[in-house]
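Subject: Structure handover

Hello,

Here is the structure I said I would pass on. Please open it alongside this message.

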Amino acid sequence: MKLTILGCYAATPRTFTNPTSQVLEIKNRHFLIDCAEGTQVQLRKNKTKFTQINHIFISHLHGDHFYGLVGLISTFTLLNRTTDLHVYGPKGIKEIILLQLRYANSFTGFQLFFHELQSSGSEVILEDDRVVVRTIPLKHRVYTNGFLFQEKPGERKLNIAVVEGYNIDVCYYQNIKNGRDITLDDGRTIANAELTYDPPQPKSYAFCSDTVFTESYLEVIDGVDVLYHESTFLESEAHLSERTMHCTARQAAEIALKANARQLILGHFSTRYDSIEMFKEEASTIFPAVDVADDGKVFEF
């Protein structure tokens with residue numbers, strides 16, 4: 001997986017920081033997660049091709065997470081896009097976007113599908129042959145979901161020396177990769193485990209922003225490889241996190257620890273602080289495998 005941070009700061013955009021948006025690449029699938037103001041500019045800066053994005057996930061309807069969506073859709077139209085676009089987000093997002101397009105007398109030349117979410121429980125919202133995406137119900141001032149992206153297991157890898165040693169015809173290779181045993185002409189059955197290697201372990205990525213500190217979604221993200229979690233405040237401003245229903249860096253680290261995550265990436269920083277390294281320092285006392293997001297930063301895992 002490859003994660004490109006387009007923006008990771010809270011509230012308003014500044015000349016040198018951007019609100020939440022990121023691109024997750026999984027097995028040649030490109031998913032846009034949240035779409036704040038300036039997202040399409042950040043896409044260009046980070047050399048992400050607009051044509052690669054067919055699925056957009058919006059966590060909630062606060063402006064610093066989706067105000068760039070109608071602009072991006074409009075740009076897709078100007079670029080003569082014809083590929084279908086799927087938008088996943090809270091109930092109401094369809095009305096908001098279509099109202100703006102309607103009053104601008106602007107109509108897309110591509111199919112625009114809205115998948116509106118309103119369940120209070122985790123649900124699968126996208127599944128194909130390579131990836132499964134499910135919601136992570138969060139607790140914020142408005143209806144909010146995070147998103148869990150999970151790779152599906154890949155094909156088994158041929159142990160070509162063993163396969164050729166049994167003189168197995170090439171036409172059976174795909175069946176072997178799919179996990180089937182092979183019966184030779186002399187009647188012997190060769191177990192698939194002898195003919196193949198295990199595929200790489202599937203990876204998972206969880207996006208959690210915004211939410212008050214709660215353990216209600218730990219079961220959904222248990223064992224996740226990489227957890228991106230909001231950390232709007234430091235513990236010195238914990239009173240603000242309670243009032244605004246956000247988390248501190250320490251609380252994000254506690255979630256990562258209890259969820260058995262392998263890696264934590266902090267984001268959604270309040271711009272009141274002079275350095276985001278303070279967030280890493282605070283979280284690392286609880287969960288050592290921590291890093292901080294920043295605009296333009298790329299993580300590969």
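Predicted model: local features only at pLDDT ≥ 70, side-chain atom pairs only at ≥ 80, totals over all residues.

Residues are numbered from 1 along each chain as its sequence is written, and side-chain values use heavy atoms, with hydrogens and water left out.

The whole chain

The chain holds 11 helices and 18 strands; these are DSSP runs numbered from the N terminus, helices being H or I with at least four residues and strands E with at least two. Its C-alpha trace spans about 75 × 55 × 35 Å along the principal axes. Of the 301 residues, 50% are buried (under 20% relative accessible area; exposed is over 50% and partly exposed in between, with a 1.4 Å probe and protein chains only). The chain exposes about 14,300 Å², and carbon and sulfur atoms supply 47% of that area (Shrake-Rupley method, 1.4 Å probe; for residues, only the protein chains shown count as cover). Among contacts (heavy atoms within 4.5 Å) between residues at least 6 apart in sequence, 63% join residues at least 24 apart.

Helices α3 and α4

Helix α3 covers residues 69–78 and helix α4 residues 93–103; their axes come within 10 Å and cross at roughly 55 degrees. Axes here are lines fitted to C-alpha atoms, for helices over the stretch in contact, and angles run from 0 to 180 degrees between N-to-C directions. The two helices are therefore oblique to each other (under 35 degrees is roughly parallel, over 145 roughly antiparallel, 65 to 115 roughly perpendicular, and the rest oblique). Their crossing is right-handed, which is the case when the near helix is turned clockwise from the far one by less than a right angle, anticlockwise being left-handed.

On the α3 side, Leu69, Val70, Ile73 and Ser74 meet Ile93, Ile97, Gln100 and Leu101 of α4. By class, this contact has 6 nonpolar, 2 polar and no charged residues (Ala, Val, Leu, Ile, Met, Phe, Trp, Tyr, Cys and Pro are nonpolar, Asp, Glu, Lys and Arg charged, and the others, Gly among them, polar). The buried residues of α3 are Leu69, Val70, Leu72, Ile73, Thr75 and Phe76. After α3 comes asparagine 80, with a positive phi near 60 degrees.

Helices α10 and α11

In α10 (residues 249–258), Ala249, Gln251, Ala252, Ala253, Ile255 and Ala256 are buried. These buried residues pack against α8 (218–221), β15 (226–230), α9 (238–244), β16 (263–267) and α11 (277–284). The axes of α10 and α11 are 8 Å apart, at an angle of about 45 degrees, and this pair is therefore oblique. The crossing of α10 and α11 is right-handed. Ala249, Arg250 and Ala253 of α10 make the contact with Phe279, Glu282 and Ala283 of α11. That contact has 4 nonpolar, no polar and 2 charged residues. Asparagine 260 follows α10, and its phi is positive, near 60 degrees.

Glutamate 235

Glutamate 235 sits in the loop between β15 and α9. Is glutamate 235 buried or partly exposed? Glutamate 235 is partly exposed, because its relative accessible area is 32%. Apart from neighbours within four places in sequence, glutamate 235 contacts Thr248, Arg250, Gln251 and Glu282. Its C-alpha atom is 9.0 Å from that of cysteine 247, which is 12 residues away along the chain.

Regards
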